[in-house]
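Here is a short note for a colleague new to this model. Please read the points alongside the sequence and the 3D view.

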Amino acid sequence: MEAEVIKGSTVRMLLRQLGIAEGEVFFLLNNVFQDLETALAEGDQIYIFPAIFGG
């Protein structure tokens, strides 16, 4: 899926735009774990995975 974001958007802003709660997922930005405040750039790839709890 592709998403358009405004210049200066962060990972947190993208998750909100997609309607995804922060605590329900973890993500990789360009194959690296990043902070939610990391700014996005054109061509970035973000992989979003559901957080799995249990034990």
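1. Thr 10 is buried, at a relative accessible area of 10% (buried means under 20%, with a 1.4 Å probe and protein chains only). Thr 10 sits in the segment before α1. Beyond residues up to four places away in sequence, Thr 10 touches Leu 36, Glu 37, Thr 38, Ala 39 and Leu 40 (contact means heavy atoms within 4.5 Å).

2. On the basis: this is a predicted model, where local features need pLDDT of at least 70, side-chain atom pairs count only at pLDDT 80 or more, and totals for chains, interfaces and linings use all residues. Residues are numbered from 1 along each chain as its sequence is written, and side-chain values use heavy atoms, leaving out hydrogens and water.

3. The largest nonpolar core has eight residues: Val 11, Leu 14, Leu 15, Val 25, Phe 27, Leu 29, Leu 36 and Leu 40. Such a core joins buried Ala, Val, Leu, Ile, Met, Phe, Trp, Tyr and Cys residues through side-chain atoms within 4.5 Å. Both α1 and β1 (25-29) supply at least two of its residues. Helices are DSSP runs of H or I with at least four residues, strands runs of E with at least two, numbered from the N terminus.

4. Leu 15 belongs to that core. Leaving aside neighbours within four places in sequence, Leu 15 is in contact with Ile 20, Glu 22, Val 25, Leu 36 and Ile 48.

Key:
Buried means under 20% relative accessible area, exposed over 50%, partly exposed in between (1.4 Å probe, protein chains only).
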